[in-house]
Amino acid sequence: MNVASNPLDAGSNGNGERMSQESGAAIEAQGASRYYTMGETSVHAVEDVSFSIARGEFAALLGPSGSGKSTLLNLLAGLDRLSAGRVLVDGRDLSQMDSEALARHRRLTVGMVFQSFNLVPTMTLADNIELPLRFAETPRSGRRARVQELLSSVGLAHRAEHKPPELSGGEQQRAAIARALANRPAVLLADEPTGNLDSRNGQEVMSLLSELNRNMGVTVLMVTHDAALAARYARRSLHMADGRLLPSAEVQP
Ligand SMILES: Nc1ncnc2c1ncn2[C@@H]1O[C@H](COP(=O)(O)OP(=O)(O)OP(=O)(O)O)[C@@H](O)[C@H]1O
Ligand SMILES: [Mg+2]
């Protein structure tokens, strides 16, 4: 796959209000907790989680089903609100954000990739990838060139006018990655991006993610069930169990 050296440079999304300097962590969680109230009981989906991920890291988040991985990712993405603690992404404290600032965070600071791709099936790949640029009010004149650049960077330039159902799962996920990177986010959050793919397509998506991480400097935090894939591609693995982050000493090899 052809990833040009730096056409998609991360970390300069024009948001214009980054509080910390480039030296700060890309992601920082301090006692992050999310509780859900279910009638009389409270589900501690994420409990007192603290960690830091440096800019440019490629980290995997592992753990059994129900351990809180997606909940944690959604908190970082600004799709859900903390019950307690703080999370900072790209130097900004999400717990201090009003709904408008959170919407901007979702639009510009983070890109999200899901297991099920979540492309709009009736739109071409080019139109799918252009959507976040439209939401960010990128001038129309620059949008098509940017879409082409993004499609090329994930090896799909020749599929621009195809619709998602005409593509393989691997191709759809590559398009979803291009869409997630459209506004040059500082952080890419991926929730089981290879979960619906066979092993060959899964490896292709992983090697694309690690190429983009290296060449663009985008920080990647990826949830996976596949410890072998994590060991092969991620430079660091975090492990959750019952809503908590395991100290690395407790992780079974
Ligand atoms: N909206 C919600 N309301 C109530 N409980 C929830 C909600 N979302 C998640 N939970 C609970 O929080 C816990 C963590 O769920 P989460 O989806 O984060 O797990 P996960 O590690 O991503 O699991 P999987 O690997 O199966 O995707 C689970 O017990 C789940 O049932
Ligand atoms: Mg999950």
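Modeller: Happy to! Five of the five residues of β3 are buried, so this strand is largely enclosed by the rest of the structure. Please keep in mind that the model is predicted. If you look along β3, Phe58, Ala60 and Leu62 point one way, while Ala59 and Leu61 point the other way, and all are buried.

Let's begin with the strands beside it. β3 is joined to β8 by four bridges, and the two run parallel. Within that pairing, Ala59 has Leu221 of β8 as its bridge partner. β3 also pairs with β9 (residues 236–241), again in the parallel sense and over four bridges; here Leu61 stands opposite Leu238.

Stepping back, these strands belong to an open sheet of six, in the order β6-β7-β8-β3-β9-β10, with mixed pairing. Its edge strands are β6 (110–114) and β10 (244–245), each of which pairs on one side only. β6 pairs with β7 in the parallel sense over five bridges, and Phe114 has Asp191 in β7 as its bridge partner.

Now to a helix that covers part of this sheet. α6 packs on the sheet and touches β3, β7 and β8, with its direction at about 155 degrees to that of β8. The helix has 18 residues and reaches 25 Å from its first C-alpha to its last, close to the 26 Å expected at 1.5 Å a residue. Which residues of α6 are buried? They are Gly202, Val205, Met206, Leu208, Leu209, Leu212, Asn213 and Met216. Seen down the axis of α6, these buried residues fall within an arc of 160 degrees, so they line one face of the helix. On the other side of α6, Ser199, Arg200 and Arg214 are exposed. The buried residues of α6 pack against β3 (58–62), α5 (169–180), β7 (187–191), β8 (219–223) and α7 (227–233). Just after the helix, Gly217 takes a positive phi of about 75 degrees.

In soluble globular proteins, nonpolar side chains tend to be buried together. Here the largest nonpolar core has 66 residues, and Leu76 and Leu189 touch the most other members. Helix α6 (residues 199–216) gives the most to this core, with six residues. Leaving aside neighbours within four places in sequence, Leu76 is in contact with Ile27, Val87, Val89, Val110 and Leu189.

β4 (residues 84–89) is joined to β5 by two bridges, and the two run antiparallel; Val89 stands opposite Arg92 in β5.

To place all this in the whole molecule, the protein chain has seven helices and ten strands. Of its 253 residues, 43% count as buried. Among contacts between residues at least 6 apart in sequence, 76% join residues at least 24 apart.

Note on methods: Residues are numbered from 1 along each chain as its sequence is written. Chains are lettered from A and ligands numbered from 1 in the order in which they are written. This is a predicted model: local features need pLDDT of at least 70, side-chain atom pairs count only at pLDDT 80 or more; totals for chains, interfaces and linings use all residues. A nonpolar core is a set of buried Ala, Val, Leu, Ile, Met, Phe, Trp, Tyr and Cys residues joined through C-beta atoms within 7 Å. A residue is buried if 20 or more other C-beta atoms lie within 10 Å of its own, exposed if 12 or fewer, and partly exposed in between; C-beta atoms are placed from the backbone. Two residues are in contact if their C-beta atoms, placed from the backbone, lie within 7 Å. The expected span of a helix is 1.5 Å times one less than its number of residues. The arc is that of the directions from the helix axis to the C-beta atoms. Two strands pair if DSSP finds at least two bridges between them. Axes are lines fitted to C-alpha atoms, for helices over the stretch in contact, and angles run from 0 to 180 degrees between N-to-C directions.
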